[in-house]
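Thanks for coming. I have one structure to go through, so let me put it on the screen.

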Amino acid sequence: SSGVPSLDIIQVNVAQTKDDQYTQELRLASNPGRFSWQAGVFVFGEHLYDHYILNQFGFQAGSFYSQYLHFQNATALTPGVSIAAGSQYIGDTKVTEQSDAVFAQGNYKILDNLVLTAGVRYTYDYKHGETNTYDIGTPYTATSIQFLDNAGVGEGNVSYLASLAYKITPTVMAYVSYSTGYQAAG
C-alpha cells in the first residue's frame, strides 16, 4: 500500500475506442568529415474517438466534484453537487493531436579528439478534444451529470543544444553540454 487512500469516484469506465495515428520523419545528412550535419522534419498526428463511454459514479463522486468546481472557479465553496452512487452517464469523446517539427544539428571536429556540437529544433503542437455526455437509459438520471467539454491548445517552441566533447583516451571521454527541452501542453 502506498499510504494514499483511494477514492470511490468512478467505479466503472468502459468504451469502444478507435485510434488512428500516423508519423513520418525525413532526414538529410552529410558525409562524415571534419564537419558533419543532419537536418529533417518530423510529423505526428492522432485521431482518437471513444464512442459509448459508460461511466458509473461511486459514493464519493458528489463531494469530489463539489471540491473540483470550487477550485476551478476559485470562488467560495458552493452547495454540494448531488450525485447518487451508481449514477451513470454515457458519452462520446473525440481528440485530435498534431505535432510538427523541423530540426538541424552539426558537429565540428576542432581536433581529432575534440568535437563541438550544436543543434536547434522548432516544434508546433496542437491538441483539441470534445466530450459530449448524456444520460438516456441510465439509472438515477436526475443526479447524473451531463456536460459538453470542448477545449484546444496550440503552441510552438524552440529547443537547442550545444556540447563540447573531448576524447581523453579511446575509451574515456569528457564533455560539457547545455540543452533545453519541451513538454507539449495537455
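How do the residues of the lining of the largest pocket divide into nonpolar, polar and charged? Before the answer, some ground rules. This is a predicted model, where local features need pLDDT of at least 70, side-chain atom pairs count only at pLDDT 80 or more, and totals for chains, interfaces and linings use all residues. Residues are numbered from 1 along each chain as its sequence is written, and side-chain values use heavy atoms, with hydrogens and water left out.

Now the answer: six nonpolar, eleven polar and five charged. Here Ala, Val, Leu, Ile, Met, Phe, Trp, Tyr, Cys and Pro count as nonpolar, Asp, Glu, Lys and Arg as charged, and the others, Gly among them, as polar. E4 gives the largest share of that lining, seven residues.

On to the sheet. Strands are DSSP runs of E, at least two residues, numbered from the N terminus. Six of them form an open sheet, ordered E1-E2-E3-E4-E5-E6, with antiparallel pairing; two strands pair if DSSP finds at least two bridges between them. At the edges are strand E1 (10–29) and strand E6 (172–179), each pairing on one side only. Strand E3 (residues 88–111) and strand E4 (residues 114–134) are joined by 21 bridges in the antiparallel sense. Gly91 sits opposite Thr133 in E4.

Ala104 lies in strand E3. Beyond residues up to four places away in sequence, Ala104 touches Gln38, Ala39, Ala118, Gly119 and Val120, contact meaning heavy atoms within 4.5 Å.

Key
Helix = DSSP H or I, 4+ residues; strand = E, 2+ residues; numbered from the N terminus.
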